[in-house]
Amino acid sequence: MNLPLNTLADTSDRLEQARYNMIEQQVRPWNLFDERVLDLMQTLRREDFVPAHYRDMAFSDMEIPLHDDPIEALRLGQIMLAPRVEARMAQDLKVKDTDRVLEIGAGSGFMAALLAGLAAEVTTLEIEPRLADMAHANLTRAGVRNFQVLEADGAREMVGGPFDVIVLSGSVAQIPQGLSGLLAPGGRLGAIVGSTPMMRATFVERSDGGFTSAELWDVVTARLRNFPEPSRFSF
C-alpha cells in the first residue's frame, strides 16, 4: 500500500523532531561537547537500527530490547544502549580517524556505526547469530563500509589486535586483563563496570608505564554474556 505524500512528510517531520529532541534534551546536556559525535547522532538513522515494533521508541532515553521478550533481552544482554550512553562512550574514548576499534556486543549495530564514523575501521563481535546478522544488515543498509561483524564470544575469544580502542557495549563485573592486553600503546578501553545497583563507566589507557584507569560516570545496564562474575559466597 502506498502512503499519501503528506503522510510520509508528516512521518519524516515527526522523526526529525524526535531526533532533534534526543540530541538537545538527552545527549548534549549529558556533558556531550564533541561535535563529531553530535553530528553523527544527527545523521545516522537510529530508527533503522531498532526492531520495527520499537521504531517509535528509537529516540527515547531508554534501552531497546533486541529480543521478543524484554525480560529475556535483559537476561541475555540483548539490548541497545540508551542514546546518551552510546554517545558519551564514543566521546570519552577519544576516537581518532586513524584508530582500529574493537567492540564487544554488536547488538543491532548502531554503536559500531557511530564508531565507524569516527575511526579508520571497526571490528564488532556478537555472540548471538541472529544479532550478528542483524548488525551486518543494518550497517550495510546504512552505507557503512569500514566494519566487519564477527560471530564470536568476546569473553573467550581474543580476536586480532592490537587495537587503539576497545569498547564493551554492556556491563561486566571487572575488566579482564586479556582485553587490556589487546590495547596498542596509547590505546583506550571503555566498559561499564560493577554490579547492580552501582556501575560506573570505566576507561583504561595503556602507556609506556603501564595502565591507568578512571571512573567517569554512573550508569546501569545489562550484562555481557560469559564474562566472569565474583563469587557470591561469603564466610
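Modeller: Start with cavities. A cavity is a set of grid points where a 1.4 Å probe fits but cannot get out. Keep in mind that this is a predicted model.

Colleague: How many cavities of 30 Å³ or more does a search of the whole structure find?

Modeller: Rolling a probe the size of a water molecule over the atoms shows where empty space is left. Here the search finds 2 cavities of 30 Å³ or more. The second largest cavity holds about 80 Å³ of space. It is lined by 13 residues, and Ile79, Glu86, Gly105, Ala106 and Ser169 are the closest to its centre.

Colleague: Which elements give two or more residues to the lining of the second largest cavity?

Modeller: Strand E2 (79-80) and helix H5 (110-116) do. By class, that lining divides into 6 nonpolar, 5 polar and 2 charged residues.

Colleague: What is the volume of the largest cavity?

Modeller: The largest cavity has a volume of about 220 Å³. Its lining counts 24 residues, with Gly77, Gly105, Glu126, Ile127 and Leu224 closest to the centre. E4 and strand E6 (163-172) each supply at least two lining residues. The lining has 13 nonpolar, 7 polar and 4 charged residues.

Colleague: Now helix faces. Which residues of helix H2 (residues 35-43) are buried?

Modeller: First the general idea. An α-helix has 3.6 residues a turn, so residues three or four places apart point the same way. In H2, the buried residues are Val37, Leu38, Leu40 and Met41. They are on the same side of H2 because they cover an arc of only 160° around the axis.

Colleague: Which residue caps the N-terminal end of H2?

Modeller: Aspartate 34 does. One of its side-chain oxygens lies 2.9 Å from the backbone nitrogen of arginine 36.

Colleague: Next, contacts across the sequence. Where is glutamate 128?

Modeller: Glutamate 128 sits in the loop between strand E4 (121-126) and helix H6 (129-141). Leaving out residues up to four places away in sequence, glutamate 128 touches Gln78 and Arg225. For spacing, take aspartate 153. Glutamate 128 and aspartate 153 are 25 residues apart in sequence, and their C-alpha atoms are 8.6 Å apart in space.

Colleague: On to the backbone. Which residues does a cis peptide bond join, with omega about 0°?

Modeller: Glycine 161 and proline 162. Proline 162 is in the loop between strand E5 (147-151) and E6. Another cis peptide bond joins threonine 196 and proline 197, with omega about 10°. Proline 197 is in the loop between strand E7 (183-195) and strand E8 (198-207).

Colleague: And phi? What is the value for lysine 94?

Modeller: Lysine 94 has phi near 55°, a positive value in a residue other than glycine. Lysine 94 is in the loop between helix H4 (83-92) and strand E3 (100-104).

Colleague: Is lysine 94 buried or exposed?

Modeller: Exposed: its relative accessible area is 57%, and the cut-off for exposed is over 50%.

Colleague: What phi does asparagine 226 have?

Modeller: A positive one, about 75°, although asparagine 226 is not a glycine. Asparagine 226 lies in the segment after strand E9 (210-218). With a relative accessible area of 35%, asparagine 226 is partly exposed.

Terms used
Residues numbered from 1 in each chain as written. Predicted model: local features only at pLDDT ≥ 70, side-chain atom pairs only at ≥ 80, totals over all residues. Heavy atoms only, no water. Buried < 20%, exposed > 50% of the residue type's maximum accessible area, 1.4 Å probe, protein only. Helix = DSSP H or I, 4+ residues; strand = E, 2+ residues; numbered from the N terminus. Arc of directions from axis to C-beta. Polar contact = N/O pair within 3.5 Å; in protein donor to acceptor, adjacent residues only side chain to side chain. Contact = heavy atoms within 4.5 Å. 1 Å grid on protein atoms, 1.4 Å probe; cavity = no way out; pocket = protein on both sides within 12 Å on 5 of 7 lines; lining within 4 Å. Points joined across faces, edges and corners; volume = space filled by probe spheres on them. Nonpolar A, V, L, I, M, F, W, Y, C, P; charged D, E, K, R; others polar.
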